[in-house]
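Please open the model in a viewer and keep the selection tool at hand.

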Amino acid sequence: MVPPTLSQRSPSPSQPSGKGEVGDLKSQLRQLAGSRAPGVDDSKRELFKKVISFMTIGIDVSSVFGEMVMCSATSDIVLKKMCYLYVGNYAKVNPDLALLTINFLQRDCKDEDPMIRGLALRSLCSLRVANLVEYLVGPLGSGLKDSNSYVRMVAVIGVLKLYHISASTCVDADFPLTLKHLMLNDSDTQVVANSLCALQEIWGSEAANSEEASREKEALISKPVIYYFLNRIKEFSEWAQCLVLDLVVKYFPSDSNEIFDIMNLLEDRLQHANGAVVLATIKVFLQLTLSMTDVHQQVYERIKAPLLTLVSSGSPEQSYAVLSHLHLLVMRAPYIFSSDYKHFYCQYNEPSYVKKLKLEMLTAVANESNTYEIVTELCEYAANVDIAIARESIRAVGKIALQQYDVNAIVDRLLQFLEMEKDYVTAEALVLVKDLLRKYPQWSHDCIAVVGNISSKNVQEPKAKAALIWMLGEYSRDMSDAPYILESLIENWDEENSAEVRLHLLTAVMKCFFKRPPETQKALGAALSAGLADFHQDVHDRALFYYRLLQHNVTIAERVVNPPKQAVSVFADTQSSEIKDRIFDEFNSLSVVYEKPSYMFTDREHRGPFEFSDELGNLSIGAESANDVPAHRVEANDKDLLLGTSEKEESVGASINGSAYTAPLYDTSSLSITTSQAQPGHSPHASLAIDDLLGLGLTAAPTSAITPSPPSLKLNSRAVLDPATFQQKWRQLPLSTTQEYSLTPQGTVALTAPQALIRHMQAQSIQCIASGGQPPNLKFFFFSQKAEEASTYLVECKINTSSAKAQINIKADDQRTTEEFSALFRSALSNFGIP
């Protein structure tokens, strides 16, 4: 059967077929508006449901606004709720319609039914229309004095809404003082809690401008108020208890007796069924006892059982939140939780994010007494069907070994992992064996015997391959096939996409050359040649550095590349102690779950690296993307990079800009090498045939790029501008000029590493404050300042690498010099990528 065409299909019953159906709804509502016949409320309900469903799916039903208001004249609370929902939705976008609702909402605020009074007051305050503020003061004043607690509760939150619409109106009506009276005297705990919440926000905002508000804010954490809340805390709801406990954390007791009194009052809160209450109570205990070392340790012992109970009960999401806090405590005091390590064993039905956190905790609590049991358990996870968890478990075993607990047994386990026929297990084990050899060189004989049996063709992951190459270079004397394995890897240089692997390969073949020169000489030449032609700048620079080092003095090169090594005693921690302390201070917040302080993900200027506005969103600075770059070859002539240092300096001197990607300049007094010295037969180390490794002539002179002379405008090379000021100026200043510019082919190629452009422009006294995007679309924000005066230039540079086009938007404090700066910016951009 042929399906009907689009025009033949019947419309969905939940959607109107056109404007006619909305018109029908309007006429039906008008007919029912004044009717008092039996069953009319049921008919209204059906029509109201249709209107709400249309509104929900985005259909404009504002044309029935008047009819909806007229039909709201009923005692049916369901109709009232739907009408208030409709009114609140359209009042925000159409203030003129909101004015029509004032009369019936004010009338409902005086209804006999307290539920209707509360709902009407809530809807009235939710209109949030600035020119209707005068209509809110009267109903709010009546609501705060209402005999029903529900109405008072709604009125308290209504005061906070009024404050955000018009702070002066709220303060002038003395609503904060009324809320304070309710907070200290109302019999309903929810009214008290709402009053506390509203006052904290109002006085917190007003404290900067009013001394009275500042005093009132401080009075909230005074002893009488704190004890008043603590004595009533059992009456509060769970949400209100958390609010009170957050307030108690800010209170500083006068002596230790007061600390113990507060802890005794809150002791039973540790047994609460709600995890939020338990965590808030724990935060109070921890903060109160920070200055009392012995008591603080006892607090850890006391809170251990409630936390472990919460982990084992509740949903996986709750378990993860509690585990995050427990992990923070374990990292601060692992010895206290070392006997409870079995609580951190993974269950088969737990999600992977919970298992991963438990593995970190098992690593943290490991010590001499429990290492064997923990490592045995972790080794079981290595065969887990979840590959991510299997990887994490192997890493956990390695971390425990690096902590010097039962190293002998752990090394044996890791070597067994290398013999497993699973690529990801082998890969993780190789990385860990490398780290172990750096810390325990005495295990090299046993480890190398197993590593030597692993084929490099079976290792595909970049980090694992880099680890294997490092061992081939470091222990090439003990591995008979090391030079030949490295040679086969160099032959496949162009097929290797990871820059990390290519960097390790260069270093490994250099090390192997100094230990086994005859077998490695050919491989070294091929590696240096491939490295100099490599597209990735780091690989290119390292190959050039090694080549020049060998040219200068082979003995010095050996001391630089292959010096006597000392065992690594401590591996760097990923987080500083200051960051960890900051997270601890923000206990019972998202900071613990995210494992970063709140300023890193809440404040505008710290919303990710320089992600401080919608306009500059998703931008970063100071960290280049870690994605691997394919090993393309540079097509431009690189002979100038192989010149002697003195000739190189002459070339740079003739050029206007020093590109950030040219090879680093050396001290010519000690390392100056002429072209004649670089020829075979003239080098003091010609017996090793170092100069012939690449087979490149060194007599060709470089072709200097002819660049236009820069404008006369002088810029401050040490210009400083903070992100907030940049954002403010960018919004305030008018656009001075917009231009489109074509990039040079060399510049387009160099933009594979966007950090190159940042360094290049910095050399021209043009600083980058933010950068982002993904190829081919890149975005940079630059700023610069005049050398003679405090005049700032702001630049937005959008680059499309596929079309080799750059769009430049410039804003400036001094509009008169915009053209000069624009010419200077274009000149700097034209030189980008030219050595």
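## First stop: an aromatic pair

Select Phe-545, which counts as partly exposed at 32% relative accessibility. The model on display is a predicted one.

## The whole chain

The protein chain contains 39 helices and six strands. Of its 835 residues, 49% count as buried. The chain exposes about 40,400 Å², and carbon and sulfur atoms supply 50% of that area. Among contacts in the chain with a separation of 6 or more, residues 24 or more positions apart account for 66%.

## The largest nonpolar core

Which residues touch the most other members of the largest nonpolar core? Select Tyr-86, Phe-229 and Leu-326: these hold that place among the 212 residues of the core. Next, colour helix α28, residues 499–515, which gives the most to this core, with eleven residues. In soluble globular proteins, nonpolar side chains tend to be buried together.

Centre the view on Leu-326 and display its surroundings. Neighbours within four places in sequence left aside, Leu-326 is in contact with Leu-307, Leu-308, Val-311, Phe-337, Phe-344 and Met-361. Another core, of 28 residues, lies apart from the largest one; its members include Leu-751, Ile-758, Tyr-793 and Leu-829.

## Along helix α18

Select helix α18, residues 316–332, and find His-325 within it. Is His-325 buried or exposed? His-325 has a relative accessible area of 3% and is therefore buried, the cut-off being under 20%. Beyond residues up to four places away in sequence, His-325 touches Leu-279, Phe-587, Asn-588, Ser-589 and Val-592.

Stay with the helix and select Tyr-320, then Tyr-353. Their rings form an edge-to-face aromatic pair, 5.3 Å centre to centre with 85° between the planes. Tyr-320 lies in helix α18 and Tyr-353 in helix α20 (residues 352–365), so the pair ties together parts that are 33 residues apart in sequence. Tyr-320 is partly exposed, with a relative accessible area of 23%, and Tyr-353 is likewise partly exposed, at 34%. In total, the model has 17 aromatic pairs.

## Charges over rings

Select Arg-332 together with Phe-584. Arg-332 lies over the face of Phe-584, at 3.7 Å from the ring centre. For a second example, select Lys-223 and Tyr-227: the charged end of Lys-223 sits over the ring of Tyr-227, 5.6 Å from its centre.

## Cysteines

How many disulfides are there? The count is zero. To examine this, select Cys-83, which is buried at a relative accessible area of 0%. The closest cysteine sulfur to that of Cys-83 belongs to Cys-71, at 8.4 Å, which is too far for a bond because a disulfide requires sulfur atoms within 2.5 Å. Move on to Cys-768, which counts as buried at 10% relative accessibility. Its sulfur is 9.6 Å from the closest cysteine sulfur, in Cys-797, and this too is too far for a bond.

## A buried serine and an exposed lysine

Select Ser-195, found in helix α11 (residues 189–206). Ser-195 counts as buried, at 0% relative accessibility. With neighbours within four places in sequence left aside, Ser-195 is in contact with Val-156, Leu-179, Leu-182 and Met-183.

For the last stop, select Lys-92 in helix α4 (residues 77–93). Lys-92 is exposed, with a relative accessible area of 58%. Which residues does Lys-92 touch, not counting residues up to four places away in sequence? They are Ser-126 and Leu-127. Draw a distance between the C-alpha atoms of Lys-92 and Leu-127: the two are 6.1 Å apart in space and 35 residues apart in sequence.

Definitions and conventions: Residues numbered from 1 in each chain as written. Predicted model: local features only at pLDDT ≥ 70, side-chain atom pairs only at ≥ 80, totals over all residues. Heavy atoms only, no water. Core = buried A, V, L, I, M, F, W, Y, C linked by side-chain atoms within 4.5 Å. Buried < 20%, exposed > 50% of the residue type's maximum accessible area, 1.4 Å probe, protein only. Helix = DSSP H or I, 4+ residues; strand = E, 2+ residues; numbered from the N terminus. Contact = heavy atoms within 4.5 Å. Phe/Tyr/Trp six-rings, centres within 6.5 Å; stacked < 30°, edge-to-face > 60°. Lys NZ or Arg CZ within 6 Å of the ring centre and 35° of its normal. Areas by Shrake-Rupley, 256 points an atom, 1.4 Å probe, with all protein chains shown as cover.
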